[in-house]
There are 2 protein chains.
Amino acid sequence: MIPPVNPSISVDCVIFGFDGKDLMVLLIDFTRSQTAEGKIVEKSSRKLPGSLILENEEIDVAANRTLVELTGLNQVYLRQFGVFSDPRRINSEEDLQWIEKAYGVKVSRIVTITYYALVKIDKSILQPTSEGEVQWHRVQDIRSLAFDHKHILVKALEVLTQQLLNEPIAFELLQKRFSIRQLQNLYEAILGFEIDNRNFRKKVLKLPFLKQLEEKEKEVAHKPARLYKFDKAAYEKEVKRSRLQLNFIRFF
Amino acid sequence: MIPPVNPSISVDCVIFGFDGKDLMVLLIDFTRSQTAEGKIVEKSSRKLPGSLILENEEIDVAANRTLVELTGLNQVYLRQFGVFSDPRRINSEEDLQWIEKAYGVKVSRIVTITYYALVKIDKSILQPTSEGEVQWHRVQDIRSLAFDHKHILVKALEVLTQQLLNEPIAFELLQKRFSIRQLQNLYEAILGFEIDNRNFRKKVLKLPFLKQLEEKEKEVAHKPARLYKFDKAAYEKEVKRSRLQLNFIRFF
């Protein structure tokens, strides 16, 4: 038996990954039926993964459920970043019908609470869903999405950019061992502009929590680069030190 | 005629102010009827300002409506910081009855979206509400609140602290002209610990967007201190400069 769902509140997840070069996002291909000139036609489009919440479920739990169902990944970085509540965000007949059929409840207005997840692409195993096929897409290639999901994606990128400037979240997207080039590629992919190579290198090599490894890249076309890893304990020590020095009053 | 309300979704607002010494929050005194030993007794407690959202209303609009109704202030700093969705967050008979009476709708589970506002106390004019009296309270004196509002207040403080370390939001709470002592009092009130006077002074006087004024404090018991103001244009210039220098990769 399916537990009762709440017809007014949903979660939607922007699941980001990084393939070493481009920022990627997980989308579902799905089909809605539409009546055009008296005939029923199928209309295909893409959407973010999401779900109405269950009546006895907290929203964080609902978001995590969506993520696990799709990627098989548990305990990944998941952050709530917004609430979309435009009373007209879902109001076409085809949208409402598709939702009512998928969940078996009558809906009118849905407020959605949005999350982004940062996953290591190489560890995710995409699961088939009842809604449609799930696939990674390059963020920069995405033109349109169903419902108001393009709007949600744009907002997610905005918050992610801000967070990237303040917290060491880049390492959630990178593989455990990475080259400086890959780190720079990730920054460039999210910030949306090129960074000077030498400046970037100089800057990040000073970070006390970036640990140089003995290993180098393998099976690459260019000269194999040195690999690094993020040292979380060293990072936390730095945060403490910076507070003691009143560096927390940084404003900019 | 009252427009229809959404019985599943509310907003709650933590409205912060600063009186030059302590961090303050706006609370409503209200009374619920409770049946004890067959008799109806009145039970008084305090709550955060909030409201069920209207069916045709965005949540940001609902939060702003709550704020304007209470303080008479429009266009103040208002930030969404969380969603509280525990299915049991409102479940006592007296809580449900009070809400149903106040809004004239049947409710079961309510998910609330929370905001904090930063206001200049001297500019706010408290308005009487139908729920009860509205008053400023010192945050550090608050022991308990109705519903899960204490939990919401604690979370608001957590997010505010984090934001205080990264953005120039202190100036939203201070009067337009302030002394370094008042700025330090504010930091200490929010961070919850004492800061060394000399270090603080040295640190903030270097900030290029803190403009020294000719004026000094008036009508104070101690030696009148020099007044300062926040120069927003200079701050924005600094942000730009810091990005060009790749200082944005600061992590800590």
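## Two copies and how they meet

Chain B superposes on chain A by a rotation of 180° with 0.0 Å of shift along its axis, at an RMSD of 0.0 Å. In chain B, the C-alpha nearest the axis belongs to B:S8, 3.6 Å from it.

This is a predicted model: local features need pLDDT of at least 70, side-chain atom pairs count only at pLDDT 80 or more, and totals for chains, interfaces and linings use all residues. Residues are numbered from 1 along each chain as its sequence is written, while chains are lettered from A and ligands numbered from 1 in the order in which they are written.

**The interface**
- 33 residues of chain B are in contact with 33 residues of chain A (C-beta atoms, placed from the backbone, within 7 Å).
- On the chain B side, the elements that give two or more residues are strand 1 (5-18), strand 5 (77-84), strand 6 (111-118), helix 6 (197-205) and helix 7 (232-244).
- Helices (H or I, at least four residues) and strands (E, at least two) are DSSP runs, numbered from the N terminus.
- 100% of the interface residues of chain B are also interface residues in chain A, so the copies meet through the same surface.

**A hairpin in chain A**
- Strand 2 (residues 23-36) and strand 3 (residues 39-47) of chain A run antiparallel, joined by 9 bridges.
- Strands pair if DSSP finds at least two bridges between them.
- A:S33 has A:E42 of strand 3 as its bridge partner.
- The two strands form a hairpin with 2 residues between them.
- In the turn, A:E37 has a positive phi of about 50°.

Conventions:
Contact = placed C-beta atoms within 7 Å. Least-squares fit on C-alpha atoms with pLDDT ≥ 70 in both.
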